[in-house]
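The following exercises are to be worked through with the sequence and the model at hand. Each task is followed by a solution in steps.

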Amino acid sequence: MAARAHTTLRLTLALVGVIAAVLVVAARQRGVHEAAVDEEDRRRDQRVLGRALEESAERSWRERGLRSARERVAAADAHVPEIEVELLEESAALDDADASPSAAWERDEVLQRREPQVLRSFLRIDGPGGQRRALALTTPLRDEVSYVREALIESAGVTLVLLFAATIAALWLERALVGRRVDRLVARARSIGAGDLAEQPADPRMDELGQLSSAIEHMARALASARQTLDDEAYSRVAATAHLRRSDRLATVGTLAAGLAHELAPPLHAIDGRARRMVEAASACPDLRDAAAAIVDQSARVQRIVEELRDFAHPQPTARRPVDVVALLRADLELLDPLLRQRGATWTLSPPPSASTRPLRGDADQLRQVFTNLILNAAQAMPGGGAIEVVVASDRQAPRELVAADREAARRRFTRITVRDHGGGIRPEALTRLFDPFFTTKEVGEGSGLGLAVAHGIVSDHGGWIAAESVLGAGSVFCVWLPELSAPRDAAASPRA
Ligand SMILES: Nc1ncnc2c1ncn2[C@@H]1O[C@H](COP(=O)(O)OP(=O)(O)OP(=O)(O)O)[C@@H](O)[C@H]1O
Ligand SMILES: [Mg+2]
C-alpha cells in the first residue's frame, strides 16, 4: 500500500514537473509579448498626445507668444502624469533623438527613440517668423525581464496549486480505480500461494488489471488440475501397492494353507473313520459312545476348516455363466431365513427379484458363498437381532481403487450389492485387516476368519471389488462391485440363480 502511494506520488511529481516546465516557457513568452505590446501602446499614446499638443502649442505660440505655448505644454504635462511633456530647442531635440541635424525633419514627422528604461518622441513645433522648437514626450518603460518575472511568479502559484490538486486527485483516483483491484489481486496471489486453488470469478473489466486477473485465475485452474492429477496418481500408486501387498500376503498364506490341508486331510480321515467305528462298537458303553461321537463331530468341524483352507488355497476352476444376482440373493436369503430368525434378524432385498436388473457373468455357487458370508457376518454383528438390508444397484461406475489397480475397469459397467447391518460396527484397526485370512474377533467355534478372505479372492477373480465401511456403534456396510455382462453372446444365454 505504502509502496503504491510512493509510486503514485512519483508519477504525479513527474507529471507536475513536465507541466511546470511548459508553464515556465509559456510565461517567458508571455512576458516578452506583454513587454512588446506595452511598448507599442506607449508609442501610440505618445504619437496621439504629441499630435494633439503640437497643433495647440503652435497656435498658442503664434497667437500669444512662446510663453503661452510653454504654459500649454506644462498644463498637458500636469494633466497626463504617465507622460512627461516638455518644450526643447530643436537642436537639443535632434541630439536627444539621435537624429542628424542636417537631415530634413518633416513637419508631422514623429522621431521616436527607445532607451533601456524610457521611450521618447519628438515633434517639430513651428512658431512665428520661422522659429522652431521641439515637443519632447517621455514615458518610462518597464523592461522585458520584469514582465517575464511577473509571469513566472504567476506560473509558480499555478504550479503549486496544480501540484496540490493533482496529488490529492491522483491518490484518490489510484485508490478508487486501481488500488482496490490491485489489493484484490495481491490477496488472490497470496491465497494461491497458500494453496487455495478453488475457482473464483476473475475481474471482468477488459483493461490490463482485468487481463492480469484472468491470467491469475487461468493459472489457478491449471495448478488445480495439475494437483488433481498428482493426487490421482499418488492415490493410484498407494491403492496399487496395497493391492499387490494383499495379493502377496494371500499367496504366501495360500501356499501355507495348501500344505496344511494336504498334511491334515489323511490323519483327519483316519481319526474320523476310527471314531465312527468306535461309535458303532461302543453301544454297550454310553460314555465311550458319547466320547467317540464328540470326536466325530470335532473332526468333521476340522475337516470343514481344511476344506475351506483348500478352497482358499486352490479355488475350484469356475464355470462362468450369466447370473441374475437379485434372484440369487433372494434364494440365498430364503435359505438362511430360519438361521436369521433364530438370531432375531430380519432382512429386506431391493429391488424385488421381478425388477429387471442386468445379469452378471460369474460362478453362481462362488457368488452365493460371498453373499452368505456377508449376510451371516451381518447377523452375527447384531447379537440382539436387527434389520439386514441388501440393495442391488445396477449401472454403477467402478470404484476408484479398482480403476487404480486395473485401468480397464473404468470402461466397464458394474452392479453394486450392498449389505448393511445395524450392529456394533468395526474398529478402525480391524477395518484394515478384515480381508486377511484367519482374522476373526469371534469366539472359537463361531468363525475361522476365512470368510472375507475367501470372498475377497472370489470377487477379485470375477474382476470386481469388495470394500467395507463402518461407524462404531452404528453398523457396517459391505459393498461388492461386480462387472455386468457386456458381450451380446453372454447376454443371450439365460441367466440362472
Ligand atoms: N458386519 C460386520 N460387523 C462387524 N464386524 C464384522 C462384520 N463382518 C465382518 N466383521 C469382522 O470381520 C471379521 C472377519 O470376518 P470373516 O467373515 O472373514 O470371518 P469370521 O466371520 O470371523 O469367520 P468365518 O466367516 O470364517 O466363519 C469378523 O470376525 C468380524 O470381527
Ligand atoms: Mg464370516
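**Exercise 1: Helix α7**

Task. Determine how the end-to-end span of helix α7 (residues 325-342) relates to the expected value, and locate its bend.

Solution. Step 1: α7 contains 18 residues, and 25 Å separate its first C-alpha from its last, close to the 26 Å expected at 1.5 Å a residue. The expected span is 1.5 Å times one less than the number of residues. Helices (H or I, at least four residues) and strands (E, at least two) are DSSP runs, numbered from the N terminus.

Step 1: At L336, α7 bends by about 50°, and the proline P338 follows within four residues. The bend at a residue is the angle between axes fitted to the seven residues ending there and the seven starting there.

Step 2: V325, V326, L328, L329 and D332 are the buried residues of α7. A residue is buried if 20 or more other C-beta atoms lie within 10 Å of its own, exposed if 12 or fewer, and partly exposed in between, with C-beta atoms placed from the backbone. As a general point, an α-helix has 3.6 residues a turn, so residues three or four places apart point the same way.

Step 3: After α7 comes G344, with a positive phi near 80°.

A note on the source: this is a predicted model, in which local features need pLDDT of at least 70 and side-chain atom pairs count only at pLDDT 80 or more, while totals for chains, interfaces and linings use all residues. Residues are numbered from 1 along each chain as its sequence is written, and chains are lettered from A and ligands numbered from 1 in the order in which they are written.

**Exercise 2: Helix α4**

Task. State where helix α4 (residues 144-193) bends, which of its residues are buried, and what follows the helix.

Solution. Step 1: The bend is at V178 and amounts to about 50°. Step 2: Y147, A151 and S155 are the buried residues of α4. Step 3: G195 follows α4, and its phi is positive, near 100°.

**Exercise 3: The shell around ligand 1**

Task. Describe which residues surround ligand 1 and which elements supply them.

Solution. Step 1: The shell consists of 21 residues, the closest being A381, T440, G447, G451 and L452. A residue is near the ligand if its C-beta atom, placed from the backbone, lies within 6 Å of it.

Step 1: Two or more residues each come from α8 (364-380) and α11 (451-461).

Step 2: Sorted by class, the shell has nine nonpolar, 10 polar and two charged residues. Here Ala, Val, Leu, Ile, Met, Phe, Trp, Tyr, Cys and Pro count as nonpolar, Asp, Glu, Lys and Arg as charged, and the others, Gly among them, as polar.

Step 3: α8 itself has 17 residues and reaches 24 Å from its first C-alpha to its last, close to the 24 Å expected. Its buried residues include L367, V370, F371, L374 and I375.

**Exercise 4: Domains 2 and 3**

Task. Characterise the side of domain 2 that touches domain 3.

Solution. Step 1: The chain is divided into domain 1 (2-147), domain 2 (201-314) and domain 3 (318-492), with bounds from an automatic or database domain assignment.

Step 1: The C-alpha centres of domain 2 and domain 3 are 13 Å apart. In all, 12 residues of domain 2 are in contact with 11 residues of domain 3; contact requires C-beta atoms, placed from the backbone, within 7 Å.

Step 2: On the domain 2 side, α5 (208-281) and α6 (286-313) each supply at least two residues. The largest share, eight residues, is from α5. By class, this side has seven nonpolar, two polar and three charged residues.

**Exercise 5: Backbone exceptions and burial**

Solution. Step 1: Most residues other than glycine have a negative phi, and most peptide bonds are trans.

Step 1: The peptide bond from S350 to P351 is cis, with omega near -5°.

Step 2: F438 is partly exposed because 14 C-beta neighbours lie inside 10 Å.

Step 3: Not counting residues up to four places away in sequence, P483 touches R412, F414, G463 and G464.

Key
Contact = placed C-beta atoms within 7 Å.
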